[in-house]
Amino acid sequence: DLSKNIDQVKSTMQCMGSTDIAQALQNGYDMLVQESLHHNAIMVLVSDGQIREQETVIIRDLIKNKMDSLLCTVGVGRDVDEEVLNTLANDSRQSAQRRGMRGASCYFGLRRWREIQRHSLDMI
């Protein structure tokens with residue numbers, strides 16, 4: 001039931017910093033598995049990408065060796081770590097290709113989107 005899943009996601013959202021991205025990805029993936037939706041699914045991580053050093057290994061292992069869903073990352077906030085979010089999306093894409101999945105993972109930065117919009121408006 002989609003509305004149940006949306007309510008479950010809302011109840012786990014944290015918008016105050018120090019988010020455990022590894023746990024968030026694991027919880028999201030577990031939800032997909034529970035509903036048998038994890039094969040060829042697309043997960044979207046909305047984050048500033050600020051992670052603790054020890055989380056990096058856990059997150060990359062989860063993406064490379066356990067998840068069979070694509071991961072798209074969206075950078076939000078003032079201090080977005082674009083390198084981390086881009087790396088996670090690239091790891092997901094490479095993992096998916098090894099598994100023979102079709103599709104693409106991506107990183108999308110909202111700050112950059114605003115710059116593109118402004119530039120486009122200036123050209124009109």
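**Entry 1: conventions**

I begin with the angle classes: angles under 35 degrees count as roughly parallel, over 145 as roughly antiparallel, 65 to 115 as roughly perpendicular and the rest as oblique. The structure I looked at is a predicted model, in which local features need pLDDT of at least 70 and side-chain atom pairs count only at pLDDT 80 or more, while totals for chains, interfaces and linings use all residues. Residues are numbered from 1 along each chain as its sequence is written, and side-chain values use heavy atoms, with hydrogens and water left out.

**Entry 2: overall layout**

I looked up the secondary structure and found 5 helices and 3 strands in the protein, where helices (H or I, at least four residues) and strands (E, at least two) are DSSP runs numbered from the N terminus. Read from the N terminus, the elements follow the order α-α-β-α-β-α-β-α. Of the 124 residues in the protein, 32% are buried; buried means under 20% relative accessible area, exposed over 50%, and partly exposed in between (1.4 Å probe, protein chains only). I then took the contacts between residues at least 6 apart in sequence, and 79% of these join residues at least 24 apart, contact meaning heavy atoms within 4.5 Å.

I noted an open sheet of 3 strands in the order 1-2-3, with parallel pairing, where two strands pair if DSSP finds at least two bridges between them. Strand 1 (42–47) and strand 3 (107–109) are the edge strands, each of which pairs on one side only. From one strand to the next, the twist averages 20°. Strand 1 is joined to strand 2 (residues 70–75) by 6 bridges, and the two run parallel; Leu45 has Thr73 in strand 2 as its bridge partner.

Next I asked what packs on this sheet. Helix 2 (residues 21–34) does, touching strand 1 and strand 2, and its direction makes about 155° with that of strand 1. Helix 4 also packs on the sheet, where it touches strand 1, strand 2 and strand 3, and its direction makes about 165° with that of strand 2. For these angles, axes are lines fitted to C-alpha atoms, for helices over the stretch in contact, and angles run from 0 to 180 degrees between N-to-C directions.

**Entry 3: helix 3 against helix 4**

Two packed helices are described by the angle between their axes and the distance between the axes. I found that the axes of helix 3 (residues 53–66) and helix 4 (residues 82–98) come within 8 Å and cross at roughly 25°, so helix 3 and helix 4 are roughly parallel to each other. The crossing of helix 3 with helix 4 is right-handed, a term used if the near helix is turned clockwise from the far one by less than a right angle, left-handed being the anticlockwise case. At this contact, Ile59, Arg60, Ile63 and Lys64 of helix 3 meet Thr87, Leu88, Asp91, Ser92, Ser95 and Arg98 of helix 4. By class, I recorded 3 nonpolar, 3 polar and 4 charged residues for the contact of helix 3 with helix 4; Ala, Val, Leu, Ile, Met, Phe, Trp, Tyr, Cys and Pro count as nonpolar, Asp, Glu, Lys and Arg as charged, and the others, Gly among them, as polar.

**Entry 4: helix 2 against helix 3**

The axes of helix 2 and helix 3 come within 9 Å and cross at roughly 25°, and helix 2 and helix 3 are therefore roughly parallel to each other. I listed Ile21, Ala22, Leu25, Gln26 and Tyr29 in helix 2, which meet Glu55, Ile58, Ile59, Leu62, Ile63 and Lys66 in helix 3. The contact of helix 2 with helix 3 has, by class, 8 nonpolar, 1 polar and 2 charged residues.

I followed Ala22 of helix 2 further: Ala22 is buried, with a relative accessible area of 9%. Leaving aside neighbours within four places in sequence, Ala22 is in contact with Glu55, Ile58, Ile59 and Leu62. Ala22 and Leu62 are 40 residues apart along the chain, and their C-alpha atoms are separated by 7.9 Å.

**Entry 5: Val74 and Tyr107**

Val74 lies in strand 2 and counts as buried at 16% relative accessibility. Beyond neighbours within four places in sequence, Val74 is in contact with Val44, Leu45, Val46, Ser47, Leu85, Tyr107, Phe108 and Leu110. I also noted that Val74 and Gly109, 35 residues apart in sequence, are 5.7 Å apart in space, C-alpha to C-alpha.

Tyr107 is in strand 3 and counts as buried at 16% relative accessibility. Not counting residues up to four places away in sequence, Tyr107 touches Thr73, Val74, Gly75, Val80, Glu82, Leu85, Asn86 and Ala89.
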